[in-house]
Amino acid sequence: MPSIILTFATALTVGWLILLTRVTRDGWIAAAYNKVVNNIAAIEKQRLKDRRKREKLSRYSGIAAVWMKVFSGGNSEKAVKTLERSNNRLRNGDLRSLNILSMPGYVLQREFDAIGRGSIHKAIMAKSYELYGQKHAENKTKQLLAQLLSYPIIGVAAALVIGALLTGLVNTKIGLAVSGIGAILVLVLVYALYDELNDQVKKRRAAIGQQFPNVVSKLALLVTSGMIMDSAWKATAYSQCSELYQEMRKTSDELDNLVNPEAAYGNFISRCNTKETAKLASAIMQNLSKGNAEIGKLLTDMAREAWQERRHIAKRDAEKANSRLMIPTMMLFIAILVMLMVPVAMNFSGI
């Protein structure tokens, strides 16, 4: 049995190494590009975190400001410089920071159209378009798909090798258990990578839904006060830094670059992919030539509906929270009841 497990593990490892040797220049470039994009996203996240921290600290003064600065910690400039140095090395052709464990996955995508253009690729592509935009969606899809293809091969091989060694050194049952559990754990962790993409999309859509009432209310206020739609859109987009506002900035930049308004707002609908933003962008496109009077009234009605929907969602979330608290509340009640009844029962038994 150990020899069979070890043979299978060796076959998987050899196959993975053969795929690694077949990685082309395009594969390495795609991996380096994704690493650079990941680093840029991490840098933007760190800077956004620093900006929010500065805004929070600006509310305090005197000793309170000093204490808040101490407890909030320093800025992330050191981490940002590290990421920037990594990007510079990658742009100069230094690929040592790349994760080679996923590289065979690029080969499988290239060699098999059913993998590189199949249903899983399309599903990941649609979600990546929402998260990363049209510019980075294709490469981010290749990156995740490469991980989903490559990690199971080398991961299962490692689990089988460890199991085979334990079979020879300890006993067969333990070795088989480690091999089986290890292989299943690898597959579960690999699936978690795909599931994390779904979670990111869900959280993003939820965040956009929460920000929508504020956005449409501000748009309605600016438009009804006499500002033209493009200016109101830009002013709203640059008023905050959350997800929906970032997408509005992209649309504003497209409009400034003379992209057709229908195409710009259509891209906005595709990136956000929520019914609220689709309704807003569709209303704007349909009323581009009708002036502010009609679109202002439409935005006002939309804002009122959005706030009503927000209240309904908050009410539903509160009901869900209450139902979730029911079980721990009952457990606490039973524990208190036991604590009260046990001494009473002991006193009665003593009598």
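# Briefing on side-chain contacts and surface features

Asp 301 and Arg 304 stand three residues apart in helix 13, so about one helical turn separates them. Their side chains form a salt bridge in which the closest N and O atoms are 2.9 Å apart. The model is a predicted one, and 13 salt bridges are found in it. The points below cover these charged pairs, the aromatic rings and the surface.

- Asp 301 counts as partly exposed, because its relative accessibility of 22% is not under the 20% limit for buried residues.
- Arg 304 is likewise partly exposed, with a relative accessibility of 45%.

**Salt bridges between helices**

- Side chains of opposite charge can pair when their charged atoms come close.
- Glu 247 and Arg 204 are joined by a salt bridge of 2.8 Å, taken from N to O.
- A network of salt bridges links Arg 204 and Glu 247 with Lys 250, Glu 254 and Arg 271.
- Asp 256 and Lys 234 form a further salt bridge, with their closest N and O atoms 2.8 Å apart.
- This pair connects distant parts of the chain, since Asp 256 is in helix 10 and Lys 234 is in helix 9 (residues 229-237), 22 residues apart.
- Asp 256 is partly exposed at 44% relative accessibility, and Lys 234 is partly exposed with a relative accessible area of 33%.

**Aromatic rings**

- A pair of aromatic rings is described by the distance of the centres and the angle of the planes.
- The structure has three aromatic pairs.
- In one of them, the ring centres of Tyr 191 and Tyr 194 are 6.2 Å apart and the planes meet at 45°, so the pair is tilted.
- Both of these tyrosines, Tyr 191 and Tyr 194, lie in helix 8, three residues or about one turn of the helix apart.
- Tyr 194 is buried, with a relative accessible area of 18%.
- The rings of Trp 233 and Tyr 265 have centres 5.2 Å apart and planes at 85°, so they form an edge-to-face pair.
- Trp 233 in helix 9 and Tyr 265 in helix 11 (residues 261-272) are 32 residues apart, and their pairing links distant parts of the chain.
- Trp 233 and Tyr 265 are both buried, and together with Phe 268 they make up one aromatic cluster.
- At Tyr 132, the charged end of Lys 140 sits over the ring, 4.9 Å from the ring centre.

- A nonpolar surface patch of about 1,100 Å² is built from Met 326, Met 330, Leu 332, Phe 333, Ile 334, Ile 336, Leu 337, Val 338, Leu 340, Met 341 and Val 342.
- Met 326, one of the patch residues, is located in helix 13 (residues 292-350).
- Met 326 is partly exposed, with a relative accessible area of 48%.
- Leu 221, a residue of helix 8, is exposed, with a relative accessible area of 58%.
- Leu 221 and Gly 296 are 75 residues apart in sequence, and their C-alpha atoms are 8.0 Å apart in space.

How values were computed:
Residues are numbered from 1 along each chain as its sequence is written. This is a predicted model: local features need pLDDT of at least 70, side-chain atom pairs count only at pLDDT 80 or more; totals for chains, interfaces and linings use all residues. Side-chain values use heavy atoms; hydrogens and water are left out. Patches are made of residues with over 30% relative accessible area and no salt bridge: like charges are joined within 9 Å, nonpolar side chains (Val, Leu, Ile, Met, Phe, Trp, Tyr) within 5 Å. Accessible areas come from the Shrake-Rupley method with a 1.4 Å probe; for residues, only the protein chains shown count as cover. A salt bridge is a side-chain nitrogen of Lys or Arg within 4 Å of a carboxyl oxygen of Asp or Glu. Helices (H or I, at least four residues) and strands (E, at least two) are DSSP runs, numbered from the N terminus. Buried means under 20% relative accessible area, exposed over 50%, partly exposed in between (1.4 Å probe, protein chains only). Rings of Phe, Tyr and Trp (its six-membered ring) pair if their centres lie within 6.5 Å; planes under 30 degrees apart count as stacked, over 60 as edge-to-face and the rest as tilted. A charge sits over a ring if NZ of Lys or CZ of Arg is within 6 Å of the ring centre and within 35 degrees of the ring normal.
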